[in-house]
Structures are given as C-alpha cells and as structure tokens.
Amino acid sequence: MGVRKIIQLGNPILRSKAAVIENIQDEQIQKLIEDLLTTVADSHGVGIAAPQVAEQKRLFIVASRPNPRYPNAPEMQPTAMINPQITAHSNELVKGWEGCLSIPGIRGLVPRYQAIEVEYTDRNGKLQKQEFTDFVARIFQHEYDHFEGIVFLDRVESTFDIMTEQEYQQRIVSAR
C-alpha cells in the first residue's frame with residue numbers, strides 16, 4: 001500500500017476518458033484500490049479517482065469524513081467503486097463548494113444533482129445499488145467526472161464562483 005503521486009491540472013490524462021475495468025480481481029486493480037485508499041487519506045481528500053494517479057481506469061474511492069479540507073463532511077466508510085454509473089437523479093441542482101486534489105489551492109461553487117441513484121461493482125465483484133444525497137452525492141458526481149475528462153472548474157457557472165483555498169477557509173469554513 002503506497003501513496004501515489006497525484007497528477008495536476010494540465011496533465012493530459014485528466015482530460016482523457018477512462019477505460020472500463022474488465023477483471024476486478026486482477027492483482028494490479030486490487031493494489032490500485034489499496035493505493036487509492038492510502039492516497040486519499042494521506043491527502044485529506046474525500047474522494048479520489050484512478051485518473052488522478054495517472055491510471056485511466058473507471059475506479060474511484062468515496063471517503064467522506066471530516067478533515068482539514070472538509071471539516072463538516074459526514075462520516076462514511078471509504079468505499080471503492082468500480083465501473084460506477086448514475087442510474088437516476090433528482091431534478092434539483094444544488095450549488096456547493098468543491099476542491100480537487102489535482103487542482104490544489106482553488107475552490108469553486110459547482111451545481112450538482114442533490115440526489116442520485118447509482119450502481120457500481122465493489123472490490124469483491126458484487127454489484128451494489130445505492131442512493132446518495134447532498135455532500136456524498138456531490139463527491140460521487142465530482143469523481144465520476146474524472147472518467148470523462150471533466151474537472152470541477154468546467155462546471156463552475158461564473159469566474160466569480162472561484163476562490164483560493166485560503167479565502168475559502170477564512171470566508172466559508174470559519175464563518176460556520
């Protein structure tokens with residue numbers, strides 16, 4: 001289990017489509033899951049997608065928990081999601097602040113579906129169906145975008161909805 005280097009905005013891999021994973025039990029896929037779990041914890045993230053560590057595979061971790069970057073995040077067990085899909089979503093879009101481990105120092109106010117129904121295969125090869133709302137739904141949608149070569153800045157509606165991490169911590173986190 002190792003911490004992987006997180007690639008940064010400008011690396012063309014972040015703008016490429018990710019491939020479907022065919023063999024979940026492959027030793028390299030299982031090691032990638034372990035490495036992503038370690039990397040997301042080490043970097044104080046709440047999610048990380050394989051493309052962020054230069055692996056063009058449809059795998060991400062959702063790991064919501066309070067940490068210095070997201071002090072009000074709900075607690076959940078870190079979960080590997082393989083070949084995930086959004087099968088249904090609410091009509092309601094909600095704007096919320098997002099950051100990205102591949103775009104350090106910047107936050108953006110991003111509209112996302114408030115509720116989503118998803119399917120994914122877990123690391124043991126079992127199909128899972130779940131519904132996510134609010135912050136966890138936001139994490140899922142953010143990470144899913146990485147499979148399509150989309151970063152959160154692409155979804156910001158106005159440049160006025162972007163701020164530095166320092167301003168975010170002072171104005172948004174400290175204000176709560």
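**Entry 1: a loop residue**

I began with D161, which sits in the loop between α2 and β8 (162-164). Helices (H or I, at least four residues) and strands (E, at least two) are DSSP runs, numbered from the N terminus. Before going on I noted that this is a predicted model, where local features need pLDDT of at least 70 and side-chain atom pairs count only at pLDDT 80 or more, while totals for chains, interfaces and linings use all residues. Residues are numbered from 1 along each chain as its sequence is written, and side-chain values use heavy atoms, with hydrogens and water left out.

Is D161 buried or exposed? I found D161 buried, with a relative accessible area of 14%. Buried means under 20% relative accessible area, exposed over 50%, and partly exposed in between (1.4 Å probe, protein chains only). Leaving aside neighbours within four places in sequence, I listed K95, W97, R107, G108, L109 and V156 as the contacts of D161; contact means heavy atoms within 4.5 Å.

**Entry 2: charged pairs**

Side chains of opposite charge can pair when their charged atoms come close. I used the salt bridge rule: a side-chain nitrogen of Lys or Arg within 4 Å of a carboxyl oxygen of Asp or Glu. By this rule I get 17 salt bridges.

I looked up R112 and E98, whose side chains meet in a salt bridge at 2.8 Å, N to O. R112 is in strand β5 and E98 in strand β4 (residues 93-100), so this pair ties together parts that are 14 residues apart in sequence. Both R112 and E98 are buried.

My next pair was K129 and E119, which form a salt bridge at 3.5 Å, N to O. K129 belongs to strand β7 (residues 127-133) and E119 to strand β6 (residues 115-121), so the pair ties together parts 10 residues apart in sequence. K129 is exposed, with a relative accessible area of 60%, whereas E119 is partly exposed at 23%.

E167 and R171 are 4 residues apart in helix α3 (residues 165-173), which means about one helical turn separates them. E167 is partly exposed, with a relative accessible area of 28%, and R171 is exposed at 54%. I also noted one network, in which salt bridges that share partners join R4, K31, D35, E55 and K57.

**Entry 3: empty spaces**

Rolling a probe the size of a water molecule over the atoms shows where empty space is left. On a 1 Å grid over the protein atoms alone, a cavity is a set of points where a 1.4 Å probe fits but cannot get out, and a pocket is an open set with protein on both sides within 12 Å along at least five of seven lines; lining residues have an atom within 4 Å of a point. Grid points are joined across faces, edges and corners, and a volume is the space filled by probe spheres set on the points.

How much space lies in the second largest pocket? I noted about 160 Å³. Its lining consists of I86, H89, L93, P111, R112, Y113, Q141, D145 and R155. The largest share of that lining, 3 residues, comes from β5.

I found 1 cavity of 30 Å³ or more, and the largest cavity holds about 140 Å³ of space. Of its 16 lining residues, V46, Y70, G99, H142 and E143 lie nearest its centre.
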